Amino acid sequence: MDVTLTLMCNNRCSICARRDYLSMIACRSKKDMARAVRAARHHSDNIVLSGGEATLLKNLKDVVLLCRALKFTHIGLISNGRLLKNMPFAVELADSGIDDFAISLHSFDEEVHDEMTRRPGSARESKKGVRNLLKLSEQRAISFRINLVLAKANAETIPCTIRRLSHWGVNNFILAEQIILAGKNQNTLSLEEIRMRLEAVNDIALEEGVTIRLRGFAPCLMPGKIKKFLSHEPHNVNTFEKPGAKKNAYLRSFQNIFTKTDECRGCHHNATCPGLQKGYLHI
Ligand code: SF4
């Protein structure tokens with residue numbers, strides 16, 4: 001279960017949907033965080049601490065120690081990895097109890113990454129964080145993966161990003177569909193471009209022998225034949241409901257970004273698929 005500890009962030013990603021979607025459920029105080037973590041324990045054995053950027057929180061270690069005291073089986077962290085460039089800090093988090101790190105990197109190409117984060121120098125810091133976690137994972141039982149989002153700005157560099165990181169030793173990736181916020185008129189990939197990019201990712205997974213989970217893409221956008229190392233999962237909305245937050249309103253607003261098309265009528269995924277994002281169809 002994912003607990004959104006904060007909306008504070010040191011990046012300003014052009015593709016970030018969390019500020020809009022999670023402002024209803026994000027924690028606002030230390031008390032709020034402790035309450036959310038305790039309550040999450042009733043729902044799950046595993047917890048994922050996310051943001052915003054949770055590593056900016058001065059009390060993150062205390063939150064992790066609380067998770068440990070509550071005996072969560074696994075404690076995960078989703079981070080942009082910038083502050084993990086500092087190895088003692090990465091060690092401190094692992095020592096506190098985080099055993100599953102997911103680092104969001106938009107591209108191995110630093111210019112592309114920095115343009116997307118709108119924070120010059122962020123790529124270099126995130127890559128240093130990745131290096132540190134790879135080193136750490138050689139000495140400790142921590143799992144590690146890279147989170148990527150497929151967007152217009154990084155689409156061309158995704159295969160190269162996976163290849164370069166695989167050569168560093170990363171063997172686990174999630175490639176998620178971009179959440180296209182209504183009314184934002186974002187410069188999005190066409191459906192054809194998405195299909196083409198996912199085919200390329202399918203090939204790179206096989207070539208490099210890395211595991212890539214494709215998250216959120218409608219089944220009709222998926223590669224013709226999913227090869228051994230590629231798998232598919234729906235958008236993950238298993239976020240913790242902060243007391244007093246309107247999670248149902250949040251889920252409704254999330255569902256509202258999808259729509260069905262004429263093709264959906266005869267599709268055997270119709271009952272389980274939310275449809276295509278309206279943003280692709282410019283509606
Ligand atoms: S239901 Fe519609 S959007 Fe979903 S896979 Fe089928 S055709 Fe694609």
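Strand β2 is mostly covered, with four of its five residues buried. The model described here is predicted.

**Strand β2 and its partners**

β2 runs parallel to β1, and three bridges join the two.

| Strand pair | Bridges | Direction |
|---|---|---|
| β1 and β2 | three bridges | parallel |

**Helix α2**

Helix α2 has twelve residues, 30–41. At 1.5 Å a residue it should span 16 Å, and its end C-alpha atoms are 17 Å apart, which agrees. Which residues of α2 are buried? They are Met 33, Ala 36, Val 37 and Ala 40. Seen down the axis of α2, these buried residues fall within an arc of 95 degrees, so they line one face of the helix. The general rule behind such a pattern is that an α-helix has 3.6 residues a turn, so residues three or four places apart point the same way.

What do the buried residues of α2 pack against? They pack against β1 (2–4), β2 (46–50) and α3 (60–69).

**The chain as a whole**

The chain has eleven helices and ten strands. Of its 283 residues, 38% are buried. Among contacts with a separation of 6 or more, 73% are between residues 24 or more positions apart.

**Arg 12**

Arg 12 is found in the loop between β1 and α1 (18–22). Is Arg 12 buried or exposed? Arg 12 has 12 other C-beta atoms within 10 Å, and a residue counts as exposed if that number is 12 or fewer, so Arg 12 is exposed. Leaving aside neighbours within four places in sequence, Arg 12 is in contact with Thr 117, Arg 118 and Arg 119. Arg 12 and Arg 119 are 107 residues apart in sequence, while their C-alpha atoms are 6.9 Å apart in space.

**The ligand**

The ligand is surrounded by 13 residues. The closest are Ala 218, Cys 220, Cys 264, Cys 267 and Cys 273. By class, the shell around the ligand has seven nonpolar, four polar and two charged residues.

Note on methods
Residues numbered from 1 in each chain as written. Predicted model: local features only at pLDDT ≥ 70, side-chain atom pairs only at ≥ 80, totals over all residues. Near = placed C-beta within 6 Å. Nonpolar A, V, L, I, M, F, W, Y, C, P; charged D, E, K, R; others polar. Expected span 1.5 Å × (residues − 1). Buried ≥ 20, exposed ≤ 12 C-beta atoms within 10 Å, placed from the backbone. Arc of directions from axis to C-beta. Contact = placed C-beta atoms within 7 Å. Pairing = 2+ DSSP bridges.
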